[in-house]
Amino acid sequence: MDFGGGLTTAGRAALPRRFVGTEAGMKKAEPLLRPTETDLMCGIIGYVGKKAASPILIEGLRRLEYRGYDSAGVAVLSPAGLAIRKKLGKIDEGIARLLKAEPVTGSLGIAHTRWATHGVPADKNSHPHLDASGKIAVVHNGVIENYDSLKQKLLRAGHKFKSDTDTEVLAHLIGEYYEKRVGATRGDARTAQHAVPAASGEALTAAVCDALRDVIGTYGLAVICTDFPGTIVGARRGSPLIIGLGRDENFVTSDANAIVAHTKKVVYLNDYDVATVTGDHFEVQNLGTETANVQISKLEFSQEDASRGRHAHFMLKEIFEQSQTVANALRGRLDFEGATAKFGGLNMTPAELRGIDRIVIAASGTSWHAALVGEYLIEELAQLPVEVEFAHEFCYRNCPLEKNTVLLVLSQSGETADTLAALREAKRRGHRALAIVNVVGSTIARESDGGIYMHAGPEIGVASTKAFVSTLTVLTLLAVHLGRMRMLSANRAREIFRALEALPKQLEKIFAQNDALKKLAKKYAKADDFFFLGRGYTFPIALEGALKLKEISYIHAEGYSAAEMKHGPIALIDAQTPTVFLVPQDAMYDKTMANLAMIRARKGPIIALATEGDKAIKKVANDVIYLPKTLELLNPILASVPLQLFAYHIAVARGCDVDKPRNLAKSVTVE
């Protein structure tokens, strides 16, 4: 069946295939990659059970704040009907204060943090949205691409809209189909062929299915109706949705962080799944021809893992967790005897791995910078040609893929829309697609042919830190694994393994320089522009360092190869523009020092990241941060951390909201 936009005519006529289950009656999940949480842009949380819904919903919204949002709202089914509270701004200053002034009671509700797509940030555009009757409330992540044509049809049918959003159009569409379903049970001959007993609760689910067959776009949504005081209907396509399984209570959410305090058992919905959830059971059906594939997964992180603990910000906590996350990425994967890395989820035989002629790595943002390091690693250690693509460009240009080409995608969340589209495009063209992801049960993890988990644990800060370093660690292991199947010697592989094992303690030495980095950040916090320069393995880290500074401090920063400076950008160097130079003692050291001299000659302030014991650097740099000595190919891991801390402390010094930088979301699940 064609899922390119809406469903085909045949799909519209097909009845959904259904799975009915309870937590006790289901088998455990066996993920494709093998086992940590989930991610996205806006946030959804829904509750049905015996407890008061509002406190649970607000707590869930607070745990979703880090994903990025401009407003928040709740809909609770109270004895008087649907109570809607929504407000522009931060949760504690907006919706939480509003609920305190105007409390609502009830044990069924849905809530949402919105990041504007259709309609400016405003109270009226905040979710939840109601249908025309006021009986149905909807919260929605994603984009309804054909909302305008649907809206015109509804306007001609007499509907009136109060917002500028695509979500309100969807709410009215569901309401329109619901009235037809209910009308059929009342003897309306025009819709009798669609009759579903309203009292059974299936009328709402059926109406949601009807509406979604008209929709082109992406959605993760939750729907409640006054006629069914114990039911939430959820659905997904291209935007994550999870069912949380509790005792005499269940949850619907877009992000497991929102419910980890209540349950560790979750069901990750697949595209085109529609779920009907009550306090003691749930049903899942699929809008396509496939029977719903439903399995329980266990969350591998705790409520404490998803909290800041003693740290001022999640980002700082996650930076300091990197010695442990590197150790986790290595655990059980270093085979010294065979001098190779061990992976349980690549799902490729040694013969198939040896048969690879080319690797294309597709990623976005920080993951794209990791991919550039991966290109250097795999080409050096495995002698395999590697091409790095922006995931969004890979999907829209006709990239030639030879017969034995494998696509490797990188994504912390496993839900990045562009990266998922790249994976699907490669598979459509008959190529194997592997993934490196952090989130067990994520869409990319489920749809890839195999891959590797980072085991970094939940990353809450919008600016990725530990997931980036974990990705670099895994890429190093993969490069060794592929190299040993070709011409990499056992001695060289063991040398790399010993250096990898030393990284956690070396990272601790960098953490010990935190106070010095904080002092350095205060010195340069008022600069308007920065350059980040590196060569060889540290060039991608220059790009990443510039991105980190831009993301959280809003300072204009550019990353370049040090050799590129003389080809144009050096014109911008002056006494007010600091340059962060990555100059470890590697094969490019002498050339990089020559590039550094060009900056110094033009009176540009220089902050150098250099190898311990390098005395020459002090003579030419204004400030020096020292890195422990390691192999050249591992310098990117060590060099990343002081750049993260430097960006963090500058952002704090400038009064920026480090964990929730403006205009950004943790992961981008719409194009």
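Tutor: Begin with the labels. Helices (H or I, at least four residues) and strands (E, at least two) are DSSP runs, numbered from the N terminus. Ala-463 lies in the loop between β22 (450-453) and α14 (466-484). A word on the source: this is a predicted model, where local features need pLDDT of at least 70, side-chain atom pairs count only at pLDDT 80 or more, and totals for chains, interfaces and linings use all residues. Residues are numbered from 1 along each chain as its sequence is written, and side-chain values use heavy atoms, with hydrogens and water left out.

Student: Is Ala-463 buried or exposed?

Tutor: Buried means under 20% relative accessible area, exposed means over 50%, and partly exposed is in between (1.4 Å probe, protein chains only). Ala-463 has a relative accessible area of 1%, so it is buried.

Student: Which residues is Ala-463 in contact with, leaving aside neighbours within four places in sequence?

Tutor: Contact means heavy atoms within 4.5 Å. With those neighbours left aside, Ala-463 is in contact with Met-315, Lys-548, Glu-551 and Ile-552. Distance can also be read between C-alpha atoms. Those of Ala-463 and Gln-644 are separated by 9.2 Å, and the two residues are 181 apart along the chain.

Student: How many residues has the largest nonpolar core?

Tutor: A nonpolar core is a set of buried Ala, Val, Leu, Ile, Met, Phe, Trp, Tyr and Cys residues joined through side-chain atoms within 4.5 Å. The largest one here has 98 residues. Phe-530 and Phe-646 have the most contacts inside it. A second, separate core has 33 residues, including Leu-150 and Val-208.

Student: What does Phe-646 contact, leaving aside neighbours within four places in sequence?

Tutor: Its partners on that count include Leu-517, Tyr-524, Phe-530 and Ile-607.

Student: How many aromatic pairs are there?

Tutor: Rings of Phe, Tyr and Trp (its six-membered ring) pair if their centres lie within 6.5 Å. Planes under 30 degrees apart count as stacked, over 60 as edge-to-face, and the rest as tilted. The count comes to 10 aromatic pairs. Tyr-178 and Phe-228 form an edge-to-face pair, 6.2 Å centre to centre with 85° between the planes. Tyr-178 lies in helix α5 (residues 166-185) and Phe-228 in the loop between β8 (219-225) and β9 (232-237), so the pair ties together parts 50 residues apart in sequence. Both Tyr-178 and Phe-228 are buried.

Student: Why is the pair of Phe-320 and Phe-511 tilted?

Tutor: The planes of Phe-320 and Phe-511 are at 50°, with ring centres 4.9 Å apart, so the pair is tilted. Phe-320 is in helix α7 (residues 314-320) and Phe-511 in helix α15 (residues 490-511), so the link joins distant parts of the chain, 191 residues apart. Phe-320 counts as partly exposed, at 24% relative accessibility. Phe-511 is buried, with a relative accessible area of 6%.

Student: Which residues form one aromatic cluster?

Tutor: Tyr-524, Phe-530, Phe-532 and Phe-646 do.

Student: Where does the charged end of Lys-151 sit?

Tutor: A charge sits over a ring if NZ of Lys or CZ of Arg is within 6 Å of the ring centre and within 35 degrees of the ring normal. The charged end of Lys-151 sits over the ring of Phe-161, 5.3 Å from its centre.

Student: Now Glu-558. Where is Glu-558 found, and what does its side chain make a polar contact with?

Tutor: Glu-558 is found in strand β24 (residues 556-561). At 26% relative accessibility, it counts as partly exposed. A polar contact is a pair of N or O atoms within 3.5 Å. Within protein, one must be able to donate a hydrogen and the other to accept it, and residues adjacent in sequence count only if both atoms are side-chain atoms. The side chain of Glu-558 makes such a contact with the side chain of His-556 (2.8 Å). Not counting residues up to four places away in sequence, Glu-558 touches Phe-530, Phe-531, Phe-532 and Ala-546.

Student: How many disulfides does a search of the whole structure find?

Tutor: A disulfide is a pair of cysteine sulfur atoms within 2.5 Å. The search finds zero.

Student: What about the backbone?

Tutor: The peptide bond from His-127 to Pro-128 is cis, with omega near 5°. Tyr-554 is not a glycine, yet its phi is positive, near 65°. Tyr-554 is found in the loop between α17 (539-553) and β24.
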